Amino acid sequence: MVDYSKWDNLQLSSDDEDDERTGPQVYRVEEGQSVTIPGRNVTINGEQPKVQEVSEEEARAIQAQQASNAMQSGRTVVSSTDATTLTAAERQFQRFTRNGSATDYYYWCQDAETITVSIFVPQKTKSRDVTVAVNDGDPAQLKLDLQENNVFSRTLSAPIAPLDDDDDIDWELVDDASATQPRRLLRVTLRKKDLGMVLWWKAAFKGDPEVSPEKLVDRSAQQQQKSESFMEAFAAAQAEFKRRAKTREKLPV
């Protein structure tokens with residue numbers, strides 16, 4: 001369950017919110033004009049340059065649209081040459097959605113051993129406002145409170161490694177460079193349960209749209225086949241165990 005209406009009543013800390021903002025300046029080049037960039041020449045129709053500076057909000061919108069187009073086209077991995085042409089926002093977006101996806105409330109990514117969920121939170125959120133709780137049972141659950149108000153509570157789609165206590169949870173707050181409106185990301189990293197093989201998740205949480213296994217850039221076809229066969233056997237074993245437990249006769253005491 002995700003309830004963002006509770007954000008309206010949160011009085012989040014505002015220290016250090018006036019830090020000087022730095023980043024690339026974005027310019028719009030009108031069609032039929034030209035502009036010279038140090039080290040290279042970019043010309044459209046060879047006319048006199050006419051460069052228009054865009055606002056910071058427009059720049060964010062351009063960056064977000066570029067990142068979204070890259071994700072929708074399945075371009076989750078770029079060559080070393082292509083990587084040099086990406087903005088900082090696009091690089092962050094690709095890193096935070098690698099082998100995963102973007103949703104309306106969070107990004108998620110994974111590797112062979114871990115999964116990381118980046119939950120959208122208000123721009124003024126500070127570490128002291130955050131409480132993260134993880135139930136590593138079956139099924140595992142992730143909960144987020146801001147100033148003791150629960151704003152995020154979801155069931156993970158696959159098992160995770162046992163946690164000793166809440167201090168064992170790895171999380172951090174970072175700015176979302178690709179967002180059209182200022183916001184931060186609460187990034188929670190969890191270790192996948194060791195099942196004796198690499199298990200690639202199709203979704204971060206149960207009920208959410210799944211990613212296509214063949215598009216996971218770090219997963220081989222052989223791993224995909226083994227993982228799917230294992231998950232089918234694992235699900236069947238769980239269902240059989242629950243069926244037997246339900247129909248088991250109670251012994252008189």
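Five strands form an open sheet in the order 5-6-7-12-11, paired antiparallel. Strand 5 (101-102) and strand 11 (170-175) are its edges; each has a single partner strand, so one side of each lacks a neighbour in the sheet. The model is predicted. A further open sheet has three strands, in the order 8-9-10, and its pairing is antiparallel too.

- Strand 11 and strand 12 (residues 184-191) run antiparallel and are joined by six bridges.
- E172 has R187 of strand 12 as its bridge partner.
- Helix 3 (residues 88-96) lies across strand 5, strand 6 (106-110), strand 7 (114-121), strand 11 and strand 12. The helix runs at about 65 degrees to strand 6.

**R184 in strand 12**
- R184 sits in strand 12.
- Is R184 buried or exposed? Its relative accessible area is 16%, and R184 counts as buried because the cut-off is under 20%.
- The side chains of R184 and D175 make a polar contact of 3.1 Å.
- Neighbours within four places in sequence aside, R184 is in contact with I119, F120, V121, P122, Q123 and T125, and also with L173, V174, D175 and D176.

- Strand 9 (residues 141-146) is joined to strand 10 by six bridges, and the two run antiparallel.
- What lies between strand 9 and strand 10? The two strands form a hairpin with two residues between them. Q147, in the turn, has a positive phi of about 50 degrees.
- Two pairings place the strands against each other: Q141 stands opposite T155 in strand 10, and L144 has F152 of strand 10 as its bridge partner.
- Strand 10 (residues 149-155) is mostly covered, with five of its seven residues buried.

**Nonpolar cores**
- Which residues touch the most other members of the largest nonpolar core? They are V132 and L144, in a core of 31 residues.
- Strand 6, strand 7, strand 8 (130-135), strand 9, strand 10 and strand 12 each supply at least two residues of this core.
- Strand 7 gives the most to this core, with four residues.
- A second, separate core has six residues, including F93, Y107, F120 and V174.
- L144 is in contact with residues beyond its neighbours within four places in sequence. Among them are I119, V121, V130, T131, V132 and L186. N149, N150, V151 and F152 are also in contact with L144.

**Whole chain**
- The chain has four helices and twelve strands.
- Of its 253 residues, 34% are buried.
- Consider contacts between residues at least 6 apart in sequence: 60% of these join residues at least 24 apart.
- The chain exposes about 16,100 Å², and carbon and sulfur atoms supply 46% of that area.

Conventions: Residues numbered from 1 in each chain as written. Predicted model: local features only at pLDDT ≥ 70, side-chain atom pairs only at ≥ 80, totals over all residues. Heavy atoms only, no water. Pairing = 2+ DSSP bridges. Contact = heavy atoms within 4.5 Å. Axes fitted to C-alpha atoms, helices over the stretch in contact; angles between N-to-C directions. Buried < 20%, exposed > 50% of the residue type's maximum accessible area, 1.4 Å probe, protein only. Polar contact = N/O pair within 3.5 Å; in protein donor to acceptor, adjacent residues only side chain to side chain. Core = buried A, V, L, I, M, F, W, Y, C linked by side-chain atoms within 4.5 Å. Areas by Shrake-Rupley, 256 points an atom, 1.4 Å probe, with all protein chains shown as cover.
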